[in-house]
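Please have the selection tool ready, as we will walk from one stop to the next.

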Amino acid sequence: MTTPAISINNLTVRYGRRTAVAAATLTVERGSVYALLGRNGAGKSSLVRCLLGMQKPAAGSIAIFGEDAWSRRASLMERVGIVSEEADAPAEMTVGALARFSSQLYKRWDAAAVDDRLARFRIAKTAKFGDLSKGQKKQVTLALALASSPELLVLDDPTLGLDVVARRSLFEEVIADLADRGTTVFLTTHDLAGVETIADRIGILLDGKLVLDEELEPLKQRFRRIRFAAQPVALEASPLTATAVRAWGGGAEAIVSNYDELAFERYRSTTNVPSADVTSLSLEEIFIAVAGEQEGKLS
């Protein structure tokens, strides 16, 4: 059996009396894309710091390729590329000088790949890092992160503050690298539309707890929006679990998290529920349903 790229077991992170991450457990298989989602303050950054060996957890463990992320950090970082939330480098340093400096930190370094990406991004190697836009800084960071041919790429909210063109460019570059090398990707993001095109598995942190850990396609299959033309009756008898129910025109709208077509049709036929329109949800709508509402039975 192949060792997973990431194994997180009962990870707990505390700051004084406050628990930032509570007993989180998840696995990221090699060659997959795992997207960790959560509202601000949910614990994503704390988990990433532990993943990168920058912080020792209060309890639990993280292994990268089977090795402890805290005690084996120095050797593991040779195999990991990182794009942080805030691209940081000396403002007066040129892009070319930054690339040369970074090349000394890795045994494997593809200078030609850096030059190629910078050319595609239209960023001159003579440009000072401090003079670049936020999007360009992220693009430089990504080019450097991929230059060592990492087995694992960690993206910590990489598109934060970028315009739509820059966000699309960054994700397209990651997708291209995935196609070329099958790099494992672990990312946190608020750009749910962008991540929906590349993620294999989704995790959602809510107040430090991992409340969802599931493959994307099955997740999208079980969430549905149901709109009733008139107020339905006997909804308490429904086999479906709703994260939200609200008035909609003269009828009602429910977001359900365990939709099954046959079960719903049996329910409708036996309870005389009025006509209903069933539609799928985007990842953003699913996230709002999970992280923004309390789950309950249709009522």
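The tour begins with the sheet, moves to the helices on it, and then turns to one helix and its salt bridges. Keep in mind that this is a predicted model.

**Stop 1: the sheet.** Colour the strands first. Six of them form an open sheet in the order E6-E7-E8-E3-E9-E10, with mixed pairing. At the edges you will find E6 (80-83) and E10 (209-215), each pairing on one side only. Neighbouring strands of this sheet are turned by 15° against each other on average, direction ignored.

Now zoom in on E9, residues 201-206. It runs antiparallel to E10, and six bridges join the two. Select Ile202 and look across to E10: the residue opposite is Glu214.

**Stop 2: helices on the sheet.** Select residues 44-51, which make up helix H1. This helix lies across E3, E7, E8 and E9, and runs at about 145° to E8. Next, select residues 134-146 for helix H5, which packs on the sheet and touches E6 and E7. The direction of H5 makes about 175° with that of E6.

**Stop 3: helix H4.** Select residues 111-121 and show the side chains. Which residues of H4 are buried? They are Ala113, Val114, Arg117, Leu118 and Phe121. These residues cover an arc of only 130° around the axis, so they sit on the same side of H4. An α-helix has 3.6 residues a turn, so residues three or four places apart point the same way.

Then visit both ends. At the start of H4, a side-chain oxygen of Asp110 comes within 3.3 Å of the backbone nitrogen of Ala112. After the helix comes Arg122, with a positive phi near 60°.

**Stop 4: salt bridges.** The model has 17 salt bridges. Start with Glu173 and Arg117, whose side chains meet at 2.9 Å, N to O. Glu173 belongs to helix H6 (residues 164-181) and Arg117 to H4, 56 residues apart. Glu173 is buried, at 8% relative accessible area, and Arg117 is buried with a value of 8%.

Arg120 is partly exposed, with a relative accessible area of 44%.

Finish with Lys220 and Glu196, which form a salt bridge at 2.6 Å, N to O. Lys220 lies in helix H8 and Glu196 in the loop between H7 and E9, so the pair ties together parts 24 residues apart in sequence.

Terms used:
Residues are numbered from 1 along each chain as its sequence is written. This is a predicted model: local features need pLDDT of at least 70, side-chain atom pairs count only at pLDDT 80 or more; totals for chains, interfaces and linings use all residues. Side-chain values use heavy atoms; hydrogens and water are left out. Two strands pair if DSSP finds at least two bridges between them. Helices (H or I, at least four residues) and strands (E, at least two) are DSSP runs, numbered from the N terminus. Axes are lines fitted to C-alpha atoms, for helices over the stretch in contact, and angles run from 0 to 180 degrees between N-to-C directions. Contact means heavy atoms within 4.5 Å. Buried means under 20% relative accessible area, exposed over 50%, partly exposed in between (1.4 Å probe, protein chains only). The arc is that of the directions from the helix axis to the C-beta atoms. A polar contact is a pair of N or O atoms within 3.5 Å; within protein, one must be able to donate a hydrogen and the other to accept it, and residues adjacent in sequence count only if both atoms are side-chain atoms. A salt bridge is a side-chain nitrogen of Lys or Arg within 4 Å of a carboxyl oxygen of Asp or Glu.
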